[in-house]
Amino acid sequence: MSSRLFAISFDAHQPERLARFWAGVLGLERTDDAYDGVALLSGNDAGYRLGFRSSPARKAGQNRLHFDLTSSSPEDQQETVARALDLGARHTDVGQGPDVSHVVLADPEGNEFCVIEPGNDFLAGCGRIGALACDGSQAVGCFWGKALGWPLVWDQDEETAIQSPDGGTKITWGGPPLMPDPGKDVHFDLAPDGDQQAEVERLLSLGAKRVDSAHGGDGAVLLTDPDGNEFRVLTG
């Protein structure tokens, strides 16, 4: 048994508006969503969607997960930043300092993301969404590698990264210390390859924990990973 990463989903107060923002920034197309939200096709080799689900959660701090967007040239980086600002993004300070080469922005609902300078070798060939950069432990990076069947492509000094065998977006974890739960954040939606309950049991055996025994209204099961981040196992 295994799961595939079906969607990287944003908690959203206005899912339609947030989906329009990211579609505009990244040039993505909308697709049908059977899980009570809005979805975009990422067009990434890693094969996931971007999801936007209505949530009343309030943002209490910096997100634990954020996108690193790649650039092909200085002009391309500037154009991405300008387009995002035109669509409703804003500059934000996460302690990056004045001399960094990347640009830190927040989308219209405050979700941080970075527009990376050209020439970043680690993100070369990963696509426009080069990385989903996560705050988290080495243990949680290893958990997600086993959960998704994605090999580790970096494991050093408590920092880890995994990538789909098909390529595309890398998922990275920066090691301790772990930031506090931000409340409103970004989450993984998994689609099991077979029986949902059997896959839930496999994930529990890897170190996940069940949030509650009840299924959601769409049949999804809510779990947390070893760092306490919530994720959903869909019906398949």
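Q: What counts as a helix or a strand, and how many has this protein?
A: Helices (H or I, at least four residues) and strands (E, at least two) are DSSP runs, numbered from the N terminus. The protein has four helices and 16 strands. The model is predicted: local features need pLDDT of at least 70, side-chain atom pairs count only at pLDDT 80 or more, and totals for chains, interfaces and linings use all residues. Residues are numbered from 1 along each chain as its sequence is written, and side-chain values use heavy atoms, with hydrogens and water left out.

Q: What is a nonpolar core, and which residues of the largest one touch the most other members?
A: In soluble globular proteins, nonpolar side chains tend to be buried together. A nonpolar core is a set of buried Ala, Val, Leu, Ile, Met, Phe, Trp, Tyr and Cys residues joined through side-chain atoms within 4.5 Å. Buried means under 20% relative accessible area, exposed over 50%, and partly exposed in between (1.4 Å probe, protein chains only). Here the largest core has 49 residues, and Trp22, Leu50, Phe67, Phe113, Trp144, Phe188 and Phe231 touch the most other members. Helix 1 (residues 15-26) gives the most to this core, with seven residues. A second, separate core of six residues includes Phe6, Ala7, Tyr35 and Ala220.

Q: What share of the protein is buried?
A: Buried residues make up 50% of the 236 residues.

Q: Where is Val153 found, and is Val153 buried or partly exposed?
A: Val153 is found in strand 10 (residues 152-156). With a relative accessible area of 35%, Val153 is partly exposed.
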